[in-house]
Amino acid sequence: MRKAFPLLLGAAGLIFLTAPVVIARAPFESTMGLVQKIFYFHMPPAMLMLLSAFFCGVMSAIYLVKRRAQYDWIAHAAAELTVVFGAIAMVTGPLWARKAWGVWWVWDPRLTMSLLMWMIFVSYLLLRRYGGYGSETLAAGLAVFGMATSPFVYISVNIWRTIHPLTTVVPTLPVDFAVPLWYAFAGFLLLYISLLTLRVRLEEQRAAVDLLYLESEE
Amino acid sequence: MSAFWRVVWIVARKDLAIEARSRELINTTVFFALSCVIIFAVSFVRERALGDAAAGILWVVIAFSGTLALGRTFERERYADTLRALLLAPSARPAIYVGKLIGILGLLFTTEIIVVPLVALLFQARLFAYPVLMSALLIFGTIGFSCVGTLFAAMLARARSRDVLLPILLYPVTIPVMIASVRGTGALLDAAPQLDMARLWIMLLVSFDVVFLTLSLWTFEPVMTE
């Protein structure tokens, strides 16, 4: 994973550099026009927030069973990235909503649930930071609950039928819109993986330093 | 299985016996709930209560006083240094969890018996028009809130800054339960009561309860192990 890191970051950088061109070349959406282009920077981080929350939950559940620090490092990194990518989605979403719906925010189930999930992972980070000794186990327990809400987020819009576009929109997108979307998604995904690798590596080295410190004490 | 329920009964009876003698939690919780109701009355009642405010007020009061009670029950265990003794007992950990949960449910249901008529009285809300549906909402809503609350309060019992962390962790996770409870109660309080809607929310509450209770039973053991 260490050797792949520069490659991953390079590929992500390349996609982010060229993405504006690809997005600019995509056709204008008939009703929303130029504003719709924010979609390419809203949907990928929003989707990655969901996936990341799920990933964090799975890693935490494994940590609770196996009790190996590695799983906790990955879960911690995934939780931080859930908050970061969630923040991107939370900023781009209202910008788009203001133009498309006329308001910054509506309390529709999908928006509410996404905000809640984001808050659960912020509280995860608060717990880890201020919980003191043994908080990694407690945080793992919390993340399992955070994961349990994620299917509800995904399904909620399909049950309650609301103003937010249905999730079935994505597979039925015309090719002209789908290409830049998945291009941007690939960029965000590569960025996610490289940041995750970096973050886990940091924890790994922190643990190694702690171990060396303990050895030198003896 | 009978050993499991015996432990559940012993833990719950212990909590209820302490409570019956000291009445510390029930007195403080009920008084706190009353203070919350007064604050809401000041904020939301002009000529008469605003729209369906009563449903929201009722559930916010239950959530706030529930958090207070949850924090206190485990504070008591920690203060007397009995939490470790409880966990060292040669019995299934989930049984201890269920026992604690029943103790807290007993406390919250008692609070509700006082708070619900009070809200109905002060906000002219027809909370007793559909006793069966309303009780179902109260029962399943409270179970959903308390089963997560008991787990979080137990795991935070030994953490630093636990008083602040409990509501921070508990509210985002239990808001789905709150939405279902408030919307369900609101459907019953409507000028034209929507019984089907209320039933749908009750079904949703039951499914939340099942998911959260299963997860809590599963996580209690690893989370409480040092």
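A crossing is right-handed if the near helix is turned clockwise from the far one by less than a right angle. I needed that before looking at chain B. I also note that this is a predicted model.

**Helix pair in chain B**

I looked up helix 3 (residues 53-79) and helix 5 (residues 93-122) of chain B. Their axes lie 10 Å apart, and the packing angle is about 150°. Angles over 145 degrees count as roughly antiparallel, so helix 3 of chain B is roughly antiparallel to helix 5 of chain B. I then checked the hand: helix 3 of chain B passes helix 5 of chain B in a right-handed crossing.

Next I listed the contact. Helix 3 of chain B brings residues including B:Ala54, B:Ile57, B:Val61, B:Gly66 and B:Thr73. From helix 5 of chain B, they meet a set with B:Gly103, B:Leu107, B:Glu112 and B:Val119 among them. By class, I recorded 13 nonpolar, five polar and one charged residues in this contact.

**Chain A against chain B**

I turned to the contact between the chains. It takes 22 residues from chain A and 20 residues from chain B. On the chain A side, helix 2 (39-66), helix 4 (109-130) and helix 5 (135-160) each supply at least two residues. Helix 5 of chain A gives the most, with 10 residues. I sorted this side of chain A by class: 14 nonpolar, eight polar and no charged residues.

**B:Asp163**

Is B:Asp163 buried or exposed? I found 10 other C-beta atoms within 10 Å, so B:Asp163 is exposed. B:Asp163 sits in helix 7 (residues 162-189) of chain B. Its C-alpha atom is separated by 6.9 Å from that of B:Gly71, 92 residues apart along the chain.

Conventions:
Residues are numbered from 1 along each chain as its sequence is written. Chains are lettered from A and ligands numbered from 1 in the order in which they are written. This is a predicted model: local features need pLDDT of at least 70, side-chain atom pairs count only at pLDDT 80 or more; totals for chains, interfaces and linings use all residues. Two residues are in contact if their C-beta atoms, placed from the backbone, lie within 7 Å. Helices (H or I, at least four residues) and strands (E, at least two) are DSSP runs, numbered from the N terminus. Ala, Val, Leu, Ile, Met, Phe, Trp, Tyr, Cys and Pro count as nonpolar, Asp, Glu, Lys and Arg as charged, and the others, Gly among them, as polar. Axes are lines fitted to C-alpha atoms, for helices over the stretch in contact, and angles run from 0 to 180 degrees between N-to-C directions. Angles under 35 degrees count as roughly parallel, over 145 as roughly antiparallel, 65 to 115 as roughly perpendicular and the rest as oblique. A residue is buried if 20 or more other C-beta atoms lie within 10 Å of its own, exposed if 12 or fewer, and partly exposed in between; C-beta atoms are placed from the backbone.
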